[in-house]
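Hi everyone, thanks for coming.

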6 protein chains.
Amino acid sequence: MTRRRILVVNPNSSASVTAAIDEAVAPLRIAGGPDIEVVGLAEGPPGISSQRDADSVVMPLVNRVTRDDADAFVLACFSDPGLHAVREAAGGRPVLGIAECGIFRALMLGERFGVIALSPSSIRRQQRMARVMGVDSRYAGSWSVGASAAETAGADIRGRLVDAGRALVTQCRADVVVMGCAGMASHRAAIAEAIGVPVIEPAQQAVAAAIGAVLLNT
Amino acid sequence: MTRRRILVVNPNSSASVTAAIDEAVAPLRIAGGPDIEVVGLAEGPPGISSQRDADSVVMPLVNRVTRDDADAFVLACFSDPGLHAVREAAGGRPVLGIAECGIFRALMLGERFGVIALSPSSIRRQQRMARVMGVDSRYAGSWSVGASAAETAGADIRGRLVDAGRALVTQCRADVVVMGCAGMASHRAAIAEAIGVPVIEPAQQAVAAAIGAVLLNT
Amino acid sequence: MTRRRILVVNPNSSASVTAAIDEAVAPLRIAGGPDIEVVGLAEGPPGISSQRDADSVVMPLVNRVTRDDADAFVLACFSDPGLHAVREAAGGRPVLGIAECGIFRALMLGERFGVIALSPSSIRRQQRMARVMGVDSRYAGSWSVGASAAETAGADIRGRLVDAGRALVTQCRADVVVMGCAGMASHRAAIAEAIGVPVIEPAQQAVAAAIGAVLLNT
Amino acid sequence: MTRRRILVVNPNSSASVTAAIDEAVAPLRIAGGPDIEVVGLAEGPPGISSQRDADSVVMPLVNRVTRDDADAFVLACFSDPGLHAVREAAGGRPVLGIAECGIFRALMLGERFGVIALSPSSIRRQQRMARVMGVDSRYAGSWSVGASAAETAGADIRGRLVDAGRALVTQCRADVVVMGCAGMASHRAAIAEAIGVPVIEPAQQAVAAAIGAVLLNT
Amino acid sequence: MTRRRILVVNPNSSASVTAAIDEAVAPLRIAGGPDIEVVGLAEGPPGISSQRDADSVVMPLVNRVTRDDADAFVLACFSDPGLHAVREAAGGRPVLGIAECGIFRALMLGERFGVIALSPSSIRRQQRMARVMGVDSRYAGSWSVGASAAETAGADIRGRLVDAGRALVTQCRADVVVMGCAGMASHRAAIAEAIGVPVIEPAQQAVAAAIGAVLLNT
Amino acid sequence: MTRRRILVVNPNSSASVTAAIDEAVAPLRIAGGPDIEVVGLAEGPPGISSQRDADSVVMPLVNRVTRDDADAFVLACFSDPGLHAVREAAGGRPVLGIAECGIFRALMLGERFGVIALSPSSIRRQQRMARVMGVDSRYAGSWSVGASAAETAGADIRGRLVDAGRALVTQCRADVVVMGCAGMASHRAAIAEAIGVPVIEPAQQAVAAAIGAVLLNT
């Protein structure tokens, strides 16, 4: 039997974010498990900040998934852009959104989740996401660090990420925090230690969920 | 002062639907009010049924709005495709979605609204819309007539529309019904009379709202 | 055909508030549109602050509407007093409440609406209104200016209105603000500019909605 | 010390309903407890069916309570008419609404409560009440018996009450039922036995709650 | 006929808390009412702080209730531990939880209730309780005093209780406060006076509700 | 490094259910992944039907987890009994409940999930679970097959499971179904084919989630 394969698509064109995701999911590459391939989207913008950015990648994602024979797909942008259209295109193969997976995992670790947001414009999308997912009663809020996706993959941002995480706990009364971008994985443990509540890196969670879906065919 | 203008975009390429919308909004063309121009979207699919259909028109709508100097815009598809991206593109000019406007108007006329849906695949979008709008507690449900957008502009469909409306009242306990497509206006009064509760045609409501927004600059 | 007519009833007896409403709706008086008549309610209290104030005007409003042959009615108090009883009395003619119309319009411009309240006693009514409308998940909160209805029509109040609006944005995380009284229209644009988010004057919105309802007979 | 007194006001003028309430609360008249006085409202309509009926009794109730020196008040109509205005008028003395008390008690006995409604026009009020109370997620629905308040105090109505209760269980999936009128107490046990789930008579519950409030001064 | 009897079980083994409850319910012991017996649970922990504490008393409570012939039971811990299992064991006899009763009573006195919590670990349970009760939209939040159950029965704690109550009003915008432990009754009136909103002692409310249930057999 | 280990505890004492779970999770046993050990709970009842059954296993589960050095735990009963107390006992090691995991996975595959319930008494627990999880707006309902846990592991039950699944789709309008017991895995694919919507086996999902948690240390 051919080895199964999960395709993780970073819908922006920032190579540093793609690399950060690739590194973040390394612990999930195990013997007997599916291959995990992480790719960027050449047609994507450098980062997804505005709603236009998010919507601009939907058809490219649909096309990418349609022509790829992977066994499962992960959309590695916290806006979960095109999640439902991509699911149609995947013809029954599992499609995981990192926001959905990250938030649901967070809800197993705390009562109220907060989101570290890149920018004010992404907060509104996160507010709509909490409602469309039907988990609004457990959403503590989002806090912006005012950064681009590419910046979050670097080291300099850590202090601001910690500050945002702490504000979510003290101002918004969150007891679990989700990182609202796919490139922040290297900061996860440090933020969790600094703020004293669990911190979730959503791309890792989505890939883990994809492994389960591939193994179970469900 | 130049006369103000509202651009109503039917995001599908069905001329009969565009014509039906044009006729539906005729009562709103008054001497002192803005011009109301109704256009189709050449790039759009014949009708919007799948999520892919809905998402495929977002960037064309963004582009259309960006290059048009209208004073306000109405997105005349019940999926409100690209509503938030188009709002960004409109640079502060009002953008009205027909689902938002139709549903909010319905909530002034009844306690629980139902939606006549074109197809099962649109029902899921309507369920998500009720949640993202935050009005889920007043959503009675959707009932499919299993038709294309173009069919709903014709006369043959009326019986099925009435049946769906009645099912919403008796099965889902709706007390007001919204037509879940922009082309059904000619059937509105007949359905309302047949089922005994108010029936809302959403494109009319969105254009009416656009007139107010234009006159008030809010 | 006789010209259609919208009757706007300010349920308090404060002439300055009635005059402020009359001025606020001036942009909606257009050729081809319905007449817009703004009247006070002689039986009403000077302002509506307590729940008793609000309830005391319901039967007078019912009586006023019953004996008036207007084509549509607007209840111009943010408590929407007697909305459902007046609708019964109107025998199918449209009845618009300014809170309902202002809030629904706000929900098209932001994710979370806040309300500038006259007094602490009106905040509780606004909390109940958000729940009864079913839009509680999008209600950021209310902030009191501690003023009477008549005061809000004057110029001295502007600073306090701005402060309340700013508190709604910074403390309650609102991204759109509704003025919680019918007499504040002259301050709308100034507050919006000062606080950086859209501000809605609800009486204007309700009259705009009434125009649509009259033109569409829906 | 003078004996404490609870005033129960039936806001309609139907003597048979007042008598039915008086009989229903008899088990709550105990040594050491407060007096329980049940009165009708001469100004009230024969029954409260329309919203106008409900609103018409608010100011008479406010006036009745203002001039009465009872230690607590029960509003014995399932619309809880004027509940908040009467609370203002009572100056800190407890005011209990029978819908509030009946519904909260029901929520201790089942997961989803249904309401036996007098008429379709009262169902809408009950839907609003479930939302304004914030317990909509536990509201299974209402079922109308198509009767007047006075009829419900008589014996002939029992079969229809049982049918409505059964429909709430089988159609709406309620597991506890509240009687949506103050005059139905004599049927309570019989309906409960027939339909197999607990049935709550709300006037009894409100008077019981008033006794607690009087004894505890809270 | 034998006198009816309500058994109030304090599920912790702290005699001072049991004594505080006994004193708190004294005003509810009236000539014609049921006996009210307050007991501790020898098997219980000194106080209920962790979830393990709460769960550890469920089977002892089930056993206690099974072998006792009381006419109604009150579980006097704000976690309402084992409420549904104890109801099964009671075979139809009423079982009242103090959190359920305290919160429902609070909802008659304000729009948004806050809870004075013993410790951060109990806040999470209160958050889950608000959701499971379906009253989350009216829950303002909880504020911890960082104390044990036994401490709350003493006098030294009053200042911290007042501080927590005030924080609920000013930070969380509560307009009614529930004491989140069964032993705080002696501080109730003082806190209410200090913070200016009603304060509910839940054990009193549950015993009052039990009296009604016993008298009404419902 | 020692191989990591997931302990799956079936909290009832039915060996056939334990065996069914063991078989269900076989596809998740891969070369590079953790060991997956499935055990029954000797102290548990034959099946978990009443709330007493569910609560009776909490302390035994707490004790089992406390003394076991597994790296993660799965509670394999759809009531998720003792989930929060076991998490405390696990000292930071992941604890997955099968209801939580099954329901969150279902929410990625449909808009409204339904649950195949063993018995009417488990439906109430599922209703509370949907609320406590905060996903009530996406819960279509539960449908009972009237069977014991042991029966569901056998072949004879399949027709009743299909009937229940179909009722969830047609009566409750679910578009994804979760099996409400840990022993039904062998029927999953057959039910899904028969009813035409995805069907989730929750024990598989929880073990898959545990693998991710073990690999990611989150």
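I'll begin with how to read the model, then turn to the helix and the contact.

This is a predicted model, where local features need pLDDT of at least 70 and side-chain atom pairs count only at pLDDT 80 or more, while totals for chains, interfaces and linings use all residues. Residues are numbered from 1 along each chain as its sequence is written, chains are lettered from A and ligands numbered from 1 in the order written, and side-chain values use heavy atoms, leaving out hydrogens and water.

Please find helix α10 of chain E, residues 202–216; helices here are DSSP runs of H or I with at least four residues, numbered from the N terminus. After α10(E) comes N217(E), with a positive phi near 55°.

Now the contact (heavy atoms within 4.5 Å): chain C brings 10 residues and chain E brings 8. In chain C, R124(C), Q127(C) and R131(C) lose the most area to chain E, together 67% of what that side buries. Buried area is the accessible area (1.4 Å probe) that two parts lose on being put together, summed over both.

How many salt bridges cross this interface? The rule finds 3 between chain C and chain E, counting a Lys or Arg side-chain nitrogen within 4 Å of an Asp or Glu carboxyl oxygen. One pairs D175(E) with R124(C), whose closest N and O atoms are 3.1 Å apart.

Terms used: Helices (H or I, at least four residues) and strands (E, at least two) are DSSP runs, numbered from the N terminus. The expected span of a helix is 1.5 Å times one less than its number of residues.
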